[in-house]
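Biologist: Please show me the model, and then let me ask what stands behind each label you put on it.

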Amino acid sequence: MEHYMLMINKFLENPFLVFFLLVLSLNFSYFFVPKFPKGIPRIIALAPIFYLLYFFPWCFSFAFLRGILSLFLTWTTSFKLILLCFNKGPLSLCKNPIDFILISIFPLKISIENSRVISSSTIFKRYEVEEIFKQPYLATSFQDFWGRRWNRYSSKMLRLTIYIPTNEALKNLSFLGKNTSKILAIVATFVVSAIMHELMFYYITCGLCLKPTCEVMWFFVLQGICISCEKVFHAKNWVIMDVRVSILLKRIFIVFSFYFLLVLPVVREGKNTCEIQQLRLVQQA
């Protein structure tokens, strides 16, 4: 049993094999999944792919690399595939497997000017990099920071997969007003964002063998509550303090909560001990 487990670990540590499995999975998603009826049948068909996207980051021992892969594969690629299940999102616009694979993995979009031709000379001009950060230090509110300036790429995916569908579903309920449905949709979006960030830091801190602290998750839940309160104050035209003081306090709050709930949990774990813990698990098996 130990020999078998060690062989699997060595097999999956090969980056070329991991890349091959990723490309194979995305080709399956491009060629076969659209043949299923949209909605739940497609999600069921993609279930093995979602598992592989969850599993891929664990194939690498470097903590920072696991964090990056969890963001771009486990999180955003999975969300793009979920949108594809309903004929929505950037993947639904891809007309060839090259576009599909690149846009699935990377923060890219097809350039309108070069969208019709694919050749060796235009392949790099065909794509535009999604803007991820837009001067976050100039944010004037919680909504401005999270919605327009910080990690715009992930915010876009959350807006398409969580906020818009949730808001559309809630605003059809007669007992909820328009503003209430928006606030609930914002809270739901930040709860999902909190879970995904907790999972991402779970990868970074080698959470395969450790219990999550949920500190990262509570940071994003707290930010969602702050945005909701901000929208209520804006709707009611409530002004408590000078605008300049308010902006300064909001920036200080974001920085301090970021440090205590995001930075410290990672620093506290200290070392990248995945390899040691996995060897102990093999020895105990």
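Modeller: What follows is a set of questions about those labels, with the cut-offs behind them.

Biologist: What should I know about the model before I start?

Modeller: This is a predicted model, in which local features need pLDDT of at least 70 and side-chain atom pairs count only at pLDDT 80 or more, while totals for chains, interfaces and linings use all residues. Residues are numbered from 1 along each chain as its sequence is written, and side-chain values use heavy atoms, with hydrogens and water left out.

Biologist: How many helices and strands does the chain have, and what makes a run of residues count as one?

Modeller: The chain has 12 helices and two strands. In sequence order the pattern is α-α-α-α-α-α-β-β-α-α-α-α-α-α.

Biologist: What makes Glu130 and Lys156 a salt bridge?

Modeller: The term needs a side-chain nitrogen of Lys or Arg within 4 Å of a carboxyl oxygen of Asp or Glu. The closest N and O atoms of Lys156 and Glu130 are 2.9 Å apart, so the pair qualifies. Lys156 lies in helix 8 (residues 152–170) and Glu130 in the loop between strand 2 (127–129) and helix 7 (142–149), so the pair ties together parts that are 26 residues apart in sequence. Lys156 has a relative accessible area of 24% and is therefore partly exposed.

Biologist: How many salt bridges are there, and which residues form a network?

Modeller: The structure holds six salt bridges. Asp144, Arg148 and Arg149 are linked in a network of them. Within it, Arg149 and Asp144 meet at 3.0 Å, N to O, and both of these residues are buried. Elsewhere, Glu168 and Lys171 form a salt bridge at 3.2 Å. Glu168 is partly exposed at 37%, and Lys171 is partly exposed at 43%.

Biologist: Why are helix 9 and helix 10 called roughly antiparallel?

Modeller: The axes of helix 9 (residues 178–204) and helix 10 come within 7 Å and cross at roughly 160°. That makes helix 9 roughly antiparallel to helix 10. The angle classes are under 35 degrees for roughly parallel, over 145 for roughly antiparallel, 65 to 115 for roughly perpendicular and oblique for the rest. Axes are lines fitted to C-alpha atoms, for helices over the stretch in contact, and angles run from 0 to 180 degrees between N-to-C directions.

Biologist: What is the handedness of that crossing?

Modeller: Helix 9 passes helix 10 in a right-handed crossing. The term applies if the near helix is turned clockwise from the far one by less than a right angle, and left-handed if anticlockwise.

Biologist: What makes the group with Ile240 a nonpolar patch?

Modeller: Patches are made of residues with over 30% relative accessible area and no salt bridge; nonpolar side chains (Val, Leu, Ile, Met, Phe, Trp, Tyr) are joined within 5 Å, like charges within 9 Å. Ile240 has 65%, so Ile240 passes that cut-off and is also exposed. Other members include Phe233, Trp238, Met241 and Phe260, and the patch has about 1200 Å² of accessible area together. Areas come from the Shrake-Rupley method with a 1.4 Å probe; for residues, only the protein chains shown count as cover.

Biologist: What makes the phi of Asn87 worth noting?

Modeller: Most residues other than glycine have a negative phi. Phi of Asn87 is near 60°, a positive value. Asn87 is in the loop between helix 5 (63–84) and helix 6 (97–105), and is partly exposed at 45%.

Technical notes: Buried < 20%, exposed > 50% of the residue type's maximum accessible area, 1.4 Å probe, protein only. Helix = DSSP H or I, 4+ residues; strand = E, 2+ residues; numbered from the N terminus.
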